[in-house]
Amino acid sequence: MAEAEPDAAVQEEVADGEDQDDNEVNDASGGKKSKHKKKRQAAAKAAAEAAEARAAEAAAAAMQSVGLASKYVPSAGGTDEEFDAWLEEVKRARAPAIALNEEQAARLPKKFLGYGFSGTLRPHFVHVRAPPPPDVDPPDYALHEQGVSISEKQKDKDPKNIPELSGEDLETMRESCRLGREILDLAARALKPGVTGDFLDRVVYHACCERQIYPSPLNYYNFPKSVCVSPNEVICHGIPDMRPIEDGDIVNLDVSIYHKGFHSDLNETFLVGDVPEGRRKTVHAAYDCLHAASQMIKPGVMYRDVGTVISATAAKHGCSVVNAYTGHGVGKLFHGPPNIPHYKKNKAMGIMKPGHVFTIEPMINLGPDGGDRLWPDKWTAVTCNGKPSAQFEHTFLVTETGFEVLTARKGAPTDAMPPYDPNQFQR
């Protein structure tokens with residue numbers, strides 16, 4: 001999850017099935033809002049919230065009945081039968097309290113009425129935020145009303161004071177990264193046409209509950225979900241909703257988890273079905289940008305130089321870098337030093353040293369426009385022209401001689417990123 005502090009808390013959408021036009025109903029005589037309509041809406045909202053709370057309690061009870069060490073806690077390498085059975089368990093244990101038809105799920109949320117979209121993507125219904133997973137030691141923002149991380153607010157203000165992990169802390173960080181990779185692989189395996197972002201979020205949340213880890217995005221500055229799902233023109237921080245993934249989409253899944261006091265962070269962009277060439281080109285460019293940046297990592301390299309290599313690589317592909325979001329230190333803090341811009345001529349401070357742990361996560365737009373804009377939900381960043389955007393991210397450790405990819409795929413080398421292979425990301 002890229003570092004960028006939101007301007008305002010995300011407002012949760014809780015629909016009750018009535019037409020959006022009913023939100024502002026005037027009577028024929030004086031143009032006053034219908035009090036009866038407002039009362040019905042308030043009652044429906046309260047009922048929906050109560051139903052979600054009951055569903056959360058039931059899901060927790062279901063987890064207790066089968067035990068946290070469920071029969072199906074597969075790695076992504078489990079058999080198809082095991083994985084399908086596990087997905088059925090997710091559907092049962094995490095079933096939403098509100099059942100919607102396609103028309104209700106696709107109804108434009110109130111906050112988007114009158115908004116001018118830059119592309120073809122439209123937001124769908126978002127279910128209310130899940131509670132923190134049971135029996136998990138959560139980060140400090142998990143129960144904060146505004147989702148504020150006090151530890152991040154109190155972090156050392158000197159950007160050159162970068163933590164150097166070693167010993168037990170480093171081993172715990174490695175374990176956090178291994179678990180983060182496992183969660184991403186599970187979500188990626190569930191990704192296919194017809195699946196909603198909401199279901200992928202439930203997959204991530206359920207897997208975190210099983211492993212007794214906390215999904216780091218959940219309530220971070222009031223982000224309402226456990227994973228970021230960003231299709232097509234969405235640059236980053238897409239809120240999982242009830243929109244079905246379509247054949248031809250590109251979809252970024254950004255997973256971050258919190259384990260024994262340490263966050264890990266990684267993401268990949270996937271090709272769903274028959275993807276148009278422009279989108280495929282963007283995904284390839286995004287991977288090559290991260291690959292080129294990774295080859296720079298070693299002691300003595302200045303953090304500000306990473307952006308120069310990324311910008312040059314993006315330009316070779318006919319793409320551009322989004323300047324608004326950066327890589328960042330990760331570990332005891334979700335977002336800490338160093339700050340790593342992905343664009344050239346930046347003024348980032350600091351020099352790589354052994355023990356530094358950070359993400360690099362360049363967001364790459366097709367064409368020369370690296371601009372971005374926010375949807376009214378205050379989280380979803382999209383391209384200004386509706387063209388596609390893609391991203392890849394790893395958590396890296398600086399070693400004495402180079403680097404270690406802490407979030408590498410199972411069986412992949414950890415001292416180098418492999419060249420781009422589109423088959424790895426085809427769904």
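A residue is termed buried when its relative accessible area is under 20%, exposed when it is over 50%, and partly exposed in between (1.4 Å probe, protein chains only). By this criterion, buried residues make up 54% of the 427 residues in the protein chain. The structure is a predicted model, in which local features need pLDDT of at least 70 and side-chain atom pairs count only at pLDDT 80 or more, while totals for chains, interfaces and linings use all residues. Residues are numbered from 1 along each chain as its sequence is written, and side-chain values use heavy atoms, with hydrogens and water left out.

The protein chain contains 8 helices and 15 strands, taken as DSSP runs numbered from the N terminus (helices: H or I, at least four residues; strands: E, at least two).

Across the whole structure, 20 aromatic pairs are found. Rings of Phe, Tyr and Trp (its six-membered ring) are paired if their centres lie within 6.5 Å; planes under 30 degrees apart count as stacked, over 60 as edge-to-face and the rest as tilted. The pair of Tyr287 and Phe425 is tilted, because the ring centres are 5.8 Å apart and the planes stand at 50°. Tyr287 belongs to helix α7 (residues 277–294) and Phe425 to the segment after β15 (403–405), so that distant parts of the chain, 138 residues apart, are linked. Both Tyr287 and Phe425 are buried. A tilted arrangement is also found for Phe358 and Phe396, with centres 6.4 Å apart and planes at 40°. This pair ties strand β9 (residues 357–360), which holds Phe358, to strand β14 (residues 394–398), which holds Phe396, across 38 residues of sequence. Phe358 and Phe396 are likewise buried.

Salt bridges number 17 in the whole structure, each being a side-chain nitrogen of Lys or Arg within 4 Å of a carboxyl oxygen of Asp or Glu. Arg174 lies in helix α5 (residues 167–190) and Glu404 in strand β15, so parts 230 residues apart in sequence are tied together. Arg174 is partly exposed, at a relative accessible area of 26%, whereas Glu404, at 17%, counts as buried. Arg181 and Glu268 meet in another salt bridge (3.0 Å, N to O). Here helix α5, with Arg181, is linked to strand β5 (residues 262–271), with Glu268, the two residues being 87 apart. Both Arg181 and Glu268 are buried.
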